[in-house]
Amino acid sequence: MKTITTTEALAEYCRRAAEFPYVTVDTEFLRERTYYSKLCLVQLAVAGDDDAEDAVLVDPLAEGLSLEPLYELFRDQGVVKVFHAARQDLEIFYVDAGVIPEPLFDTQVAAMVCGFGDQAGYETLVRKIAKAQLDKSSRFTDWSRRPLTDAQKKYAIGDVTHLRVIYEYLKAELEQSGRHKWVREELSALTDPATYVVDPDEAWKRVKTRTHSGRFLAIVRELARFREGYAQARNIPRSRVFKDDALMELASTKPKDMSELSRSRLLLREARKGEIAEGILKAVRIGQEVAPEDMPKVDKPGRDKLQVNPALADLLRVLLKARCEQTGVAQKLIASAADLDVLAAGKRDVPALKGWRAEVFGKDALRLCEGHLALGVQGQNVKVIEI
């Protein structure tokens with residue numbers, strides 16, 4: 001198998017790839033020691049059977065290699081870019097060059113629409129569609145080390161050669177079922193640049209807390225904002241700044257100076273001095289000074305607040321299961337348990353009532369909520385009864 005290590009060789013391959021209707025793409029990366037993923041390998045394949053000629057490995061760590069020819073291919077609207085579970089791959093390319101490959105096809109999304117269930121993993125699709133087995137022994141190896149082993153190369157190239165078979169099968173299934181539009185709707189989030197932008201101002205929403213005190217949350221917000229910005233600027237994991245448990249401790253103890261900060265049980269040694277310590281004290285101070293009207297608020301989860309009709313929620317679950325079995329669409333792609341609770345509480349702002357989901361489930365769900373449909377059992381099947 002060929003490994004590309006120069007910009008010229010990459011440009012030549014990408015010029016050839018542009019003559020094909022699609023190219024399959026995968027990446028190998030590391031993220032344990034950085035905030036942003038470190039790209040270690042790119043795998044590419046075009047339609048064909050000769051792996052040596054049609055599938056290649058691109059080494060982004062090779063000295064002097066530019067990925068710009070690949071990004072030009074990503075911008076080419078005449079070539080479909082095929083990924084499996086594309087989100088992390090796309091984030092790498094967007095952060096590196098502001099590029100999102102289009103047109104895009106994600107085989108994980110397509111498989112969930114085509115009857116492969118909620119867990120449409122790549123290994124499952126390789127086994128069921130490509131009738132092959134993956135050697136997983138190289139999955140968690142260090143992809144930044146050079147030279148790559150033959151086992152690593154074989155594993156990596158398999159991620160794009162099998163993907164060709166999977167793509168062509170799923171594409172044919174979608175053409176037969178007429179569900180291309182469903183997949184396009186799902187991919188709109190993946191092609192939205194906002195998906196890959198982490199705003200430090202919103203970082204506090206990912207911190208799990210049992211306290212809903214506005215003042216406490218204001219301090220959490222400022223600490224999370226500082227941590228996210230610091231980690232982004234230095235390209236280090238946010239946990240290297242301080243972990244969530246330390247953040248919660250700081251929001252509770254509200255240290256005023258270095259002496260009080262030093263008493264923290266959970267703060268890393270590096271965070272007890274210098275820029276991080278100063279940032280923590282400033283964040284706590286800002287959080288304590290936030291005006292009441294500017295304090296963050298969260299919605300308390302749970303059925304009680306929503307005033308959910310539990311019987312109706314259970315009926316909606318039965319209807320969802322029945323519709324998904326009939327259409328072969330993964331349940332979690334249509335509605336979550338929380339979405340069903342929202343519907344059963346009389347609310348209507350849920351994805352299940354929009355787009356293709358409404359056709360499969362949403363319209364009947366509304367009619368069930370409004371008393372125009374009933375559910376019965378006929379043999380092993382759930383039957384929808386008009387009222």
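The model is predicted, with local features needing pLDDT of at least 70 and side-chain atom pairs pLDDT 80 or more, while totals for chains, interfaces and linings use all residues. Residues are numbered from 1 along each chain as its sequence is written, and side-chain values use heavy atoms, leaving out hydrogens and water.

Helix α9 spans residues 214–234 and α13 spans 274–289; I noted an angle of about 150° and axes 8 Å apart. Helices here are DSSP runs of H or I with at least four residues, strands are E runs of at least two, and both are numbered from the N terminus. Axes are lines fitted to C-alpha atoms, for helices over the stretch in contact, with angles from 0 to 180 degrees between N-to-C directions.

Which residues meet? On the α9 side I listed R215, A218, I219, E222, L223, F226, Y230 and R234, and they meet E275, I276, G279, I280, A283, V284, I286, G287, Q288 and E289 in α13 (contact: heavy atoms within 4.5 Å). By class this contact has 10 nonpolar, 3 polar and 5 charged residues (nonpolar: Ala, Val, Leu, Ile, Met, Phe, Trp, Tyr, Cys and Pro; charged: Asp, Glu, Lys and Arg; polar: the others, Gly among them).

**Helix α15 against helix α17**

Next I turned to α15 (310–327) and α17 (337–344), which pack at about 130° with axes 9 Å apart. That angle makes α15 oblique to α17 (under 35 degrees is roughly parallel, over 145 roughly antiparallel, 65 to 115 roughly perpendicular, the rest oblique). Their crossing is right-handed. L312, A313, L316, R317 and L320 of α15 meet A337, L340, D341, L343 and A344 of α17. I counted classes too: 8 nonpolar, no polar and 2 charged residues.

**The largest pocket**

Last, I looked up the largest pocket, which holds about 680 Å³ of space. A pocket is an open set of points on a 1 Å grid over the protein atoms alone, where a 1.4 Å probe fits, with protein on both sides within 12 Å along at least five of seven lines; lining residues have an atom within 4 Å of a point. Volume is the space filled by probe spheres set on the points, which are joined across faces, edges and corners.

What lines the pocket? I found 23 residues, with T27, E28, F29, R139 and Y155 nearest the centre. β2 gives the largest share, 6 residues.

How values were computed:
Left-handed = near helix turned anticlockwise from the far one by under 90°.
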